[in-house]
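These are my notebook entries on one protein structure. I set down what I looked up, topic by topic.

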Amino acid sequence: MQNNLVSFREHEELGDVAWLRDFERGLTAASEQGKPILLLFQEVPGCSTCVNFGQDVLTHPLMAELISVHFIPVAIFNNHSGKDAEILRRFGEPSWNNPVVRFLGPDGTEIVPKLADRYDALGLHEKITAVLECVGENLPGYFRLLARDLLVESGLTENALYTTPCFWSGETSLAQHPAVIVTEAGWIDGEEVVRVEFDPRAALRSELDAYASEEGFNPLQGGSFEHDREPQFYLRKHTARHLPLTPAQRTQINLAVPYRTPLAGLLSPQQCAWLADPGLQRASGGDEYREDIRQSWPALVARLGLIERAASGRDPLGA
């Protein structure tokens, strides 16, 4: 098909995933490595829907890492001739179409129904989750947290405000409720307040209010919320503050640090490797955890580079 087996940096429709461009070679790699295939049919160059799928979905660092670690990614261009067109016919996919993703076993059989007519990150996350469950793989903790971040990004969550005697302890207390995804410490009219994003499918607002009341916090309606200058107090005292993190990750890490809970289950392999690297703090531009991970991740890659996953297996909590 092409001499180069990966093709992604030059095509915005392909995001940041390194794709094989030869389906047969993808089958061989899947068999050798015992991984499923993530087969993307994409228009390249493509329409705005195709570009947005690449840039909004396939550039999220944790999505791209999960695909690269757990799948053999293969991209077929649905508007090219030759071998691309042959694979298109084999799977009965139309040419010049919006993105379609299929999930195959090493023998080429379909694991779950394809992803089509949906072009958001949450849709792809749901399919990947189903595939990993079907093949008997445990869903990594960081990828579970990403699902919660994507709920927030998709506007499927609600927010609530609580006055607290101390928002440092308020954040850690509220973060322990299973419906709470993100906590933010701040002020309203000079009073310490914690704002949370929560999943209304996991708990009604009244249930969350009752939990907060038991912890000694009072629900607050409205007001001009101002972020505290030192958000996630416990995380900020830990080396993990130099990592690119999602809001759900930093909320859970801020809870884990004072309770000395291992961080490894909350971080991706690349994040763990960075955390174990003695050069992280020198390479850091400051408190990366406060920035959008889509910007802070490539910035840290440029300064520190990608690091092979740590083989020692030691808990990065002590890094």
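**Entry 1: ground rules**

I noted that this is a predicted model, in which local features need pLDDT of at least 70 and side-chain atom pairs count only at pLDDT 80 or more, while totals for chains, interfaces and linings use all residues. Residues are numbered from 1 along each chain as its sequence is written, and side-chain values use heavy atoms, with hydrogens and water left out.

**Entry 2**

I looked up the strand order and found an open sheet of 4 strands, β2-β1-β3-β4, with mixed pairing. Two strands pair if DSSP finds at least two bridges between them. The edge strands are β2 (72-77) and β4 (110-115), each of which pairs on one side only. From one strand to the next, the twist averages 15°.

I then went through the pairs. Strand β1 (residues 37-42) runs parallel to β2, with 6 bridges, and Q42 stands opposite F77 in β2. Helix α4 (residues 83-90) packs on the sheet and touches β1 and β2 (contact means heavy atoms within 4.5 Å). The direction of α4 makes about 100° with that of β2; axes are lines fitted to C-alpha atoms, for helices over the stretch in contact, and angles run from 0 to 180 degrees between N-to-C directions.

The pairing of β1 with β3 is antiparallel, over 5 bridges, and I37 has L104 as its bridge partner in β3. L104 also has a bridge partner in β4, namely E110. β3 and β4 are antiparallel as well, with 3 bridges. These two strands form a hairpin with 5 residues between them, and G108 in the turn has a positive phi of about 90°.

**Entry 2: is strand β3 enclosed or open?**

I checked burial next (buried means under 20% relative accessible area, exposed over 50%, partly exposed in between, with a 1.4 Å probe and protein chains only). Strand β3 (residues 100-104) is largely enclosed by the rest of the structure, because 5 of its 5 residues are buried. V100, R102 and L104 point one way from the strand, whereas V101 and F103 point the other way.

Helix α7 (residues 167-175) has 7 of its 9 residues buried, so it is largely enclosed by the rest of the structure. Among the buried residues of α7 I listed F167, G170 and E171. Their cover includes β5 (158-163), β6 (180-188), β7 (191-198), α8 (205-214), α9 and α10.

I turned to helix α10 (residues 247-259), which has 13 residues. From first C-alpha to last it reaches 19 Å, close to the 18 Å expected at 1.5 Å a residue; the expected span is 1.5 Å times one less than the number of residues. Helix α10 is mostly covered, with 10 of its 13 residues buried. Its buried residues include A248, R250 and V257.

**Entry 3: backbone details**

Which residue just after α10 takes a positive phi? I found R260, at about 55°. R260 lies in the loop between α10 and α11 (269-276) and is exposed, with a relative accessible area of 62%.

Q232 also has a positive phi, near 50°, in a residue other than glycine. Its loop is the one between β9 (226-227) and α9 (233-236). Q232 is buried, with a relative accessible area of 3%.

I recorded a cis peptide bond between V44 and P45, with omega about -10°. P45 is in the loop between β1 and α2 (48-57).

**Entry 4: the largest pocket**

Rolling a probe the size of a water molecule over the atoms shows where empty space is left. A pocket is an open set of points, on a 1 Å grid over the protein atoms alone, where a 1.4 Å probe fits, with protein on both sides within 12 Å along at least five of seven lines; lining residues have an atom within 4 Å of a point. The largest pocket has a volume of about 670 Å³, counted as the space filled by probe spheres set on the points. It is lined by 20 residues, and the closest to its centre are D16, E65, S68, W297 and L306.

Which helix supplies the largest share of the lining? I found that α3 does, with 5 residues. α3 (61-70), α11 and α13 (293-304) each supply at least two residues of this lining.
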